[in-house]
Amino acid sequence: MTTETLLTVSDFSVVYDVDPPVEAVRHVSLELERGEILGLAGESGCGKTTLAYGIQRLLKAPAVITSGHTVFHDESGEDIDINALDADAMRAFRWDKVSMVFQGAMNALNPVATIGRQLEDVFLTHRPGMRRAERREECAGLLDLVGVGRERLRSYPHELSGGMRQRVMIAMAMALRPQLMIMDEPTTALDVLVQREILEQISDLRAKLGFSVIFITHDLPLLLEISDRIAVMKDGVIVELASALDLYSDPQHEYTRRLLASFPSLTGERGDFVRGSEPQAATTEASR
Amino acid sequence: MRFLLRRLAFYAFTAWAAITINFFLPRMMKGDPITAYLQKHQSEFNPEAIDSLRTLFGLDSDKPLIQQYWDYWGQLFSGDLGRSFSKGLAPVSEVIASALPWTLGLVGIATIFSFFIGTSVGTFIGWRRGSRADYVVPFATFFSTVPYFWMGLIVIAIFSTRLGWFPASHAYDKGSSPEWSWDFIGQVVAHGTLPALTIVFASLGGWVLGMRNMMITVLDEDYVTVAEAKGLSPQRVMTRYAARNAVLPQLSSFALALGFIVGGTLVMELVFSYPGVGKLLLDATNAKDWPLMQGLFLVITLAVLVANILADVAHAMLDPRTRMMES
């Protein structure tokens with residue numbers, strides 16, 4: 001099972017058609033195994049999010065997909081070329097096969113609709129045959145599953161904390177039992193404790209339901225902990241793709257080494273942590 | 001529910017303040033137009049009418065202030081706003097009641113139409129930003145920047161004088177009187193079409209532009225992207241997610257517009273000789289008809305208040321966040 005491929009991205013490029021044009025993603029190719037957590041790391045603006053949106057074809061002008069294919073290998077054995085789907089088929093594909101959890105936990109929910117309504121929207125669109133009571137029960141079950149609790153169905157987003165909202169988003173992403181979940185910095189806006197809880201929840205759910213995850217973040221240590229494999233991205237190119245352990249113990253690319261070194265170690269020597277080339281430590285010493 | 005009660009208490013207070021100011025205003029004014037008028041026309045008034053005018057305009061200073069204030073409220077509640085000097089001493093409340101339905105009907109319906117059409121068009125061109133639909137914007141704003149009287153005259157010249165499709169002025173044909181018959185309703189509609197159309201065209205641009213700009217802002221919100229990622233149909237994303245949020249600021253402007261309806265659109269009523277509140281106020285001012293002016297001010301103030309209450313209720317229903325806020 002684990003060696004089966006779920007998603008093949010080949011030669012994928014996205015250009016922002018502004019003046020001058022920005023090549024946000026350049027000839028990216030990668031394969032995702034079924035049930036795997038693939039980490040996608042890189043600094044801000046390196047094209048991680050653009051790649052993720054591109055896979056779901058959510059990019060808006062001026063972004064243009066200039067080359068490449070994304071093929072989704074469905075459970076049923078069917079291969080779906082995402083770039084070849086028409087608008088209706090694309091809408092039907094979204095969320096059903098691949099769902100997303102977005103960066104801004106605070107703004108990802110419609111402020112004027114209840115949580116329940118927004119969860120139900122998913123079923124109304126993708127499972128039109130479902131009966132009302134069934135739908136309700138399904139939504140309530142989802143909220144229970146992520147630990148928000150079914151009594152929150154009638155709450156509005158502003159009545160929930162940031163952590164709870166992000167859990168609601170995760171519940172929503174799982175609604176249709178998708179085979180892949182793309183998580184774009186799902187925990188960045190949250191404090192470390194809530195972040196930890198949510199990550200554990202994601203791992204638990206994945207163990208239970210067996211979906212694959214593409215986890216996008218700039219937080220490399222976090223990825224080292226949760227991912228099976230990690231892709232390091234810089235300026236729109238994947239510079240290194242290796243298992244978490246290999247990447248940590250034996251980074252091949254210069255940039256990966258710098259990225260790893262840019263995080264302070266808890267046990268390291270004083271002055272171990274130097275960003276870039278400026279002698280920061282010296283100036284702090286002097287100003288004391 | 002508690003939110004609503006708190007708002008109502010607030011508005012009751014505002015109404016009380018407005019009426020109280022209306023009570024004190026003539027008492028603080030220098031000069032006394034009423035006494036002079038009363039002396040000149042003493043024979044035409046009956047003693048009751050003189051009493052009521054004295055209360056309204058603070059000429060009963062022989063009584064203690066509290067007593068005056070009390071009398072004033074008593075008079076308001078019995079609907080007695082004095083007698084109109086310029087309308088053959090008819091009760092002010094009756095004079096206002098004869099003009100109010102025309103203004104409310106015409107300007108009210110036109111404003112509501114304009115709001116709904118403008119907001120729908122704005123939603124659509126905001127949704128299709130950058131497409132050809134954007135060409136609507138300069139047209140709509142052109143009509144709202146053209147001086148209204150000029151547009152009114154052009155419309156009369158084309159559709160009334162030249163083409164003869166609609167009558168140019170008044171609310172109904174000369175010689176007929178208000179009654180509930182199809183013939184009369186037909187007349188009112190025919191007479192109201194041109195003024196209503198010009199009001200709609202003059203105000204449409206604001207609604208279109210406001211809604212379009214809000215749509216563009218809201219479309220960049222994360223929840224719209226999420227809705228699209230969820231695979232919802234474009235119509236659903238546009239209405240339930242984007243427009244539903246973009247319309248909220250429009251509501252406040254709509255409430256303000258509703259409040260100003262009762263003030264009448266003076267220019268429209270002049271251009272089309274429409275028998276509404278705006279024209280009444282102008283006539284009253286020209287004729288130095290103090291009781292009528294005072295009565296009109298009161299009605300207009302209260303109308304603005306009522307419109308604000310409606311807006312609050314609508315806002316509370318459409319935006320759950322306002323329900324949480326302290327009054």
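Good morning. I begin with one contact in chain A: the side chains of Glu36(A) and Arg229(A) meet in a salt bridge, at 2.5 Å from N to O. Glu36(A) sits in the loop between S2 and strand S3 (37-41) of chain A, and Arg229(A) sits in strand S9 (residues 229-234) of chain A, so this pair ties together parts that are 193 residues apart in sequence. Please keep in mind throughout that the model is predicted.

Are the two partners buried or exposed? Glu36(A) is buried, because its relative accessible area is 6%, and buried means under 20%. Arg229(A), with a relative accessible area of 22%, is partly exposed.

A second example is Glu120(A) with Arg136(A), whose closest N and O atoms are 3.1 Å apart. Here Glu120(A) lies in helix H3 (residues 115-126) of chain A and Arg136(A) in helix H4 (residues 132-145) of chain A, so the pair ties together parts that are 16 residues apart in sequence. Glu120(A) counts as buried at 9% relative accessibility, whereas Arg136(A), at 38%, is partly exposed. Arg135(A) also takes part: together with Glu120(A) and Arg136(A) it is linked in a network of salt bridges.

Strand S1 (residues 5-16) and strand S2 (residues 22-33) of chain A pair in the antiparallel sense over eight bridges. A hairpin of five residues joins S1(A) to S2(A). Within this pairing, Leu7(A) stands opposite Leu32(A) in S2(A).

Next, the open sheet of chain A. In what order do its six strands lie? The order is S6-S7-S8-S3-S9-S10 (chain A), with mixed pairing. Strand S6 (98-101) and strand S10 (237-243) of chain A stand at the edges with a single partner strand each, so one side of each is left without a neighbour in the sheet. On average, neighbouring strands of this sheet are turned by 20 degrees against each other, direction ignored.

At one end of that order, S9(A) and S10(A) run antiparallel and are joined by six bridges. Lys234(A) has Val237(A) in S10(A) as its bridge partner. Two helices that pack on the sheet deserve mention. Helix H5 (residues 162-174) of chain A touches S6 and strand S7 (180-184) of chain A, and its direction makes about 175 degrees with that of S6(A). Helix H9 (residues 254-261) of chain A also packs on the sheet, touching S9 and S10 of chain A, and its direction makes about 100 degrees with that of S9(A).

How many helices and strands does chain B contain? There are 14 helices and zero strands. The C-alpha trace of chain B spans about 80 × 55 × 40 Å along its principal axes. Of its 327 residues, 44% count as buried. Among contacts in chain B with a separation of 6 or more, 72% involve residues 24 or more positions apart. The accessible surface of chain B comes to about 17,100 Å², and 68% of that belongs to carbon and sulfur atoms. Thank you.

How values were computed:
Residues numbered from 1 in each chain as written. Chains lettered and ligands numbered in written order. Predicted model: local features only at pLDDT ≥ 70, side-chain atom pairs only at ≥ 80, totals over all residues. Heavy atoms only, no water. Pairing = 2+ DSSP bridges. Helix = DSSP H or I, 4+ residues; strand = E, 2+ residues; numbered from the N terminus. Salt bridge = Lys/Arg side-chain N within 4 Å of Asp/Glu carboxyl O. Buried < 20%, exposed > 50% of the residue type's maximum accessible area, 1.4 Å probe, protein only. Axes fitted to C-alpha atoms, helices over the stretch in contact; angles between N-to-C directions. Contact = heavy atoms within 4.5 Å. Areas by Shrake-Rupley, 256 points an atom, 1.4 Å probe, with all protein chains shown as cover.
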